[in-house]
Amino acid sequence: MASTSTSRPLRIMISGAPTSGKGTQCELITDKYGLVHIAAGDLLRAEISSGSENGKRAKEYMDKGQLVPDEIVVMMVKDRLMQPDSQEKGWILDGYPRSLSQAIALKDFGFQPDLFILLEVPEELLVERVVGRRLDPVTGKIYHLTYSPPESDEIASRLTQRFDDTEEKVDGSVLKEDVFAQIDKALSNLVEQKTASESVAA
């Protein structure tokens, strides 16, 4: 957990299965710590819609139903981590890297987290969360039929289920506030360690 630079902001990576609560925890972490939230999937969609060179290359693979090669996604992530806001505020990398080769590539570019958070949720709870998850195609907001139902019948009538949110798709099993309390404690300790090492260095 030690920082290699005394003035560098927090660098966090978070991982977990679909519906493990990554999005919720990222929102809580960014709200409290002011980090830049970076999700590889969002980057990929943004690069494609902007028509960038990386986006064009990625779209060629996606149009064929193939996975986008690591080297393209790693470059997108690297470029985003190099942006001034990420460098100044720190970042939370959401659901990435997903493989050892991706992790090594990021490390080779000098990106190593201060903390890696893995949200673990029992499989039966993941299945329950996945099959109840719904998307509002108008706002992009995610709902859950049991845990976070839509606010109105109008919204409920337009909700859709993602094609991969079925039962075949398969400790974050406690309340989101309890999960965040665990994460917050680790991050607070990390901030204290960084502050202490900065005062010793000064």
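Start with two helices. In α2, pick Leu44, Glu47 and Ile48; across from them, in α3, pick Asn54, Gly55, Ala58, Lys59 and Met62, and you have the residues where α2 and α3 meet. Sorted by class, this contact has 4 nonpolar, 2 polar and 2 charged residues. Keep in mind as you look around that this is a predicted model.

Now show the whole of helix α3, residues 53-63, together with α2: the two pack with their axes 7 Å apart, at an angle of about 105°. Because angles of 65 to 115 degrees count as roughly perpendicular, α2 is roughly perpendicular to α3.

Next, head for the largest nonpolar core, which has 20 residues. Which of its residues touch the most other members? Select Ile38, Val77, Leu81, Trp91, Leu93, Tyr96 and Leu106 to see them. To see where the core draws its residues from, colour β2 (36-39), α2 (40-50), α4 (70-81), β3 (91-94) and α6 (100-108), the elements that each give two or more residues to it. The largest share comes from α4, with 6 residues.

Zoom in on leucine 93. Leaving aside residues up to four places away in sequence, leucine 93 touches Ile12, Met13, Ile14, Ile38, Val77, Leu81 and Leu106.

Time for some rings. How many aromatic pairs are there? The count comes to 1. Select tryptophan 91 and phenylalanine 111: their rings are edge-to-face, 6.5 Å centre to centre, with 70° between the planes. Follow the chain from one to the other and you'll see that the pair links distant parts of it, 20 residues apart. Tryptophan 91 sits in strand β3, while phenylalanine 111 is in the loop between α6 and β4 (115-119). Buried or exposed? Both tryptophan 91 and phenylalanine 111 are buried.

For the last stop, go to helix α6 and click on glutamine 102. Its relative accessible area is 8%, and since buried means under 20%, glutamine 102 counts as buried. Which residues does glutamine 102 touch, not counting those up to four places away in sequence? Show Asp70, Val74, Tyr96 and Pro97 and you have them.

Methods. Residues are numbered from 1 along each chain as its sequence is written. This is a predicted model: local features need pLDDT of at least 70, side-chain atom pairs count only at pLDDT 80 or more; totals for chains, interfaces and linings use all residues. Side-chain values use heavy atoms; hydrogens and water are left out. A nonpolar core is a set of buried Ala, Val, Leu, Ile, Met, Phe, Trp, Tyr and Cys residues joined through side-chain atoms within 4.5 Å. Buried means under 20% relative accessible area, exposed over 50%, partly exposed in between (1.4 Å probe, protein chains only). Helices (H or I, at least four residues) and strands (E, at least two) are DSSP runs, numbered from the N terminus. Contact means heavy atoms within 4.5 Å. Axes are lines fitted to C-alpha atoms, for helices over the stretch in contact, and angles run from 0 to 180 degrees between N-to-C directions. Angles under 35 degrees count as roughly parallel, over 145 as roughly antiparallel, 65 to 115 as roughly perpendicular and the rest as oblique. Ala, Val, Leu, Ile, Met, Phe, Trp, Tyr, Cys and Pro count as nonpolar, Asp, Glu, Lys and Arg as charged, and the others, Gly among them, as polar. Rings of Phe, Tyr and Trp (its six-membered ring) pair if their centres lie within 6.5 Å; planes under 30 degrees apart count as stacked, over 60 as edge-to-face and the rest as tilted.
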